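Here is a walk through one protein chain. Keep the sequence and the coordinates side by side as you read.

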Amino acid sequence: MVKLRASKAPVPKSEGPGAPRSRVPNQKSGKGVRKGVVVRDTNETQISIVLTVEGKGVYKVSTGIRFFDHMLELFTRHGAFDLELTCKGDLDVDQHHTVEDVGIALGEAFDRALGDKRGILRAGYFLMPMDETLAIAAVDLSGRAAFAVDTKVKTRLVGDLQTELVTDFFEGFARGARANVHVKTMYGRSNHHKIEAIFKAFARALRVACSRDKQLGEMLPSTKGLL
Ligand SMILES: [Mn+2]
C-alpha cells in the first residue's frame with residue numbers, strides 16, 4: 001500500500017488526494033469528449049496520465065516494463081480510448097509498485113473522466129478469444145471497489161512482466177475507478193495469450209460500460225441516487 005503525497009503540479013484543494021472523490025469529478029456528464037487527467041507522485045512511483053474515453057485508439061505508453069506497455073497499448077486500441085501514460089517506478093526494487101500504482105491511477109483517470117456517471121451504460125462484459133485461449137471480463141462502475149482475477153498463468157514471467165502482478169493491476173484499477181472488475185481465462189495454452197486475452201476483454205467490457213445510454217439519456221443508472 002503506497003501513501004499519497006502532494007503532487008508536484010499545483011492541485012486545487014478541492015481536487016487534492018484527500019478530497020471526497022464523488023464530489024470532485026474532473027467534469028460533469030454531457031455530450032462532450034470525456035477526459036481524465038491524473039498526476040500521482042509517491043516515493044515509489046511517479047505517474048502521469050491523460051485519458052480520453054472517446055478516443056481513436058492512440059497511445060503513448062511507457063512504464064519501463066515492455067510486456068506491460070504491450071498490454072496497456074492493446075487495452076487502449078481495443079477500448080477505442082486515447083492514452084498518454086508514463087510511469088517512472090522503483091523497478092530496482094521489483095515491478096510491484098509500478099504495476100499496482102498504474103492500475104490505481106488509470107482507474108482514477110476513468111473515474112474522473114466519467115464524472116457523475118449520468119447517462120452511461122455503467123456495466124459491460126465481453127468474451128474474447130485469442131487463438132486457442134478464451135477470456136471473459138465483466139465490469140460494473142458501481143462506486144464500489146471489488147475484483148476477481150483468474151489468469152490461469154503458471155509461469156513466473158511472461159515476457160519481462162511478473163505475472164502475479166496482473167492481479168495487482170486489476171485490484172488497483174478497481175480501487176481507483178471504484179468499480180467491480182472480474183476477469184478470467186476460461187481456457188488456453190499460451191501464457192502470453194491468456195494475459196493478452198484478459199486485457200482485450202477488459203478493454204471491450206469497459207468500453208461498453210463507459211458508453212452513453214441513448215435510452216436512459218442523462219438518467220443516473222442506479223436507483224440509489226449516487227454512483
Ligand atoms: Mn501479444
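Predicted model: local features only at pLDDT ≥ 70, side-chain atom pairs only at ≥ 80, totals over all residues.

The protein has 4 helices and 10 strands. Along the sequence they follow the order β-β-β-α-β-α-β-β-β-β-β-α-β-α. The protein has 227 residues, and 41% of them count as buried. Take the contacts with a separation of 6 or more: 78% of them join residues 24 or more positions apart.

Begin with the helix pairs. Helix 2 spans residues 96-114, and helix 3 spans residues 165-177. Their axes come within 6 Å and cross at roughly 30 degrees. Helix 2 is therefore roughly parallel to helix 3, since angles under 35 degrees fall in that class. The crossing of helix 2 and helix 3 is right-handed. Their contact draws on 12 nonpolar, 5 polar and 7 charged residues.

Now turn to helix 1 and helix 4. Helix 1 covers residues 66-79, and its axis comes within 8 Å of the axis of helix 4. The two axes cross at roughly 35 degrees. This crossing, too, is right-handed. Helix 1 contributes Met 71, Leu 74, Phe 75, His 78 and Gly 79 to the contact. From helix 4 come residues including Ile 195, Phe 199, Phe 202, Ala 203 and Leu 206. Charged residues of helix 4 also take part, among them Glu 196, Lys 200, Arg 204 and Arg 207. By class, the contact of helix 1 with helix 4 has 8 nonpolar, 2 polar and 4 charged residues.

Which residues touch the most other members of the largest nonpolar core? They are Ala 137, Ile 198, Ala 201 and Phe 202, out of 55 residues in that core. Helix 4 supplies the largest share, 11 residues. Look next at Ala 201. Beyond its neighbours within four places in sequence, Ala 201 is in contact with Phe 126, Leu 127, Met 128, Ala 135, Ile 136, Ala 137 and Val 183. Of these partners, Ala 135, Ile 136 and Ala 137 fall within strand 6, residues 133-140. Phe 126, Leu 127 and Met 128 fall within strand 5, residues 123-130. Val 183 falls within strand 10, residues 180-187.

Strand 6 also holds Leu 134. The C-alpha atoms of Leu 134 and Ala 201 are 9.3 Å apart, across 67 residues of sequence. Setting aside residues up to four places away, Leu 134 touches Leu 127, Pro 129, Met 186, Tyr 187, Gly 188 and Ala 197.

Step back to the loop between strand 5 and strand 6, where Glu 132 sits. Glu 132 counts as exposed because it has 12 C-beta neighbours inside 10 Å, and exposed means 12 or fewer. Still, Glu 132 touches Gly 188, Arg 189, Ser 190 and His 193, not counting residues up to four places away in sequence. Its C-alpha atom is 6.7 Å from that of Arg 189, 57 residues apart along the chain. Gly 188 is listed both for Glu 132 and for Leu 134.

Two loops carry positive phi values. Lys 117 lies in the loop between helix 2 and strand 5. Its phi is about 70 degrees, although Lys 117 is not a glycine. Is Lys 117 buried or exposed? Lys 117 is buried, because it has 22 C-beta neighbours inside 10 Å. Arg 178 is found in the loop between helix 3 and strand 10. Phi of Arg 178 is near 55 degrees, again positive in a residue other than glycine. Arg 178 is also buried, because 20 other C-beta atoms lie within 10 Å.

Asp 116 is in the loop between helix 2 and strand 5 as well. Asp 116 is partly exposed, with 16 other C-beta atoms within 10 Å. Its C-alpha atom lies 8.0 Å from that of Leu 226, 110 residues apart in sequence.

End with Gln 215, in the segment after helix 4, residues 191-210 being the helix. Gln 215 counts as exposed because it has 6 C-beta neighbours inside 10 Å. Its C-alpha atom is 9.6 Å from that of Leu 121, 94 residues apart along the chain.

Terms used:
Residues numbered from 1 in each chain as written. Axes fitted to C-alpha atoms, helices over the stretch in contact; angles between N-to-C directions. Parallel < 35°, antiparallel > 145°, perpendicular 65-115°, else oblique. Left-handed = near helix turned anticlockwise from the far one by under 90°. Core = buried A, V, L, I, M, F, W, Y, C linked by C-beta atoms within 7 Å. Contact = placed C-beta atoms within 7 Å.
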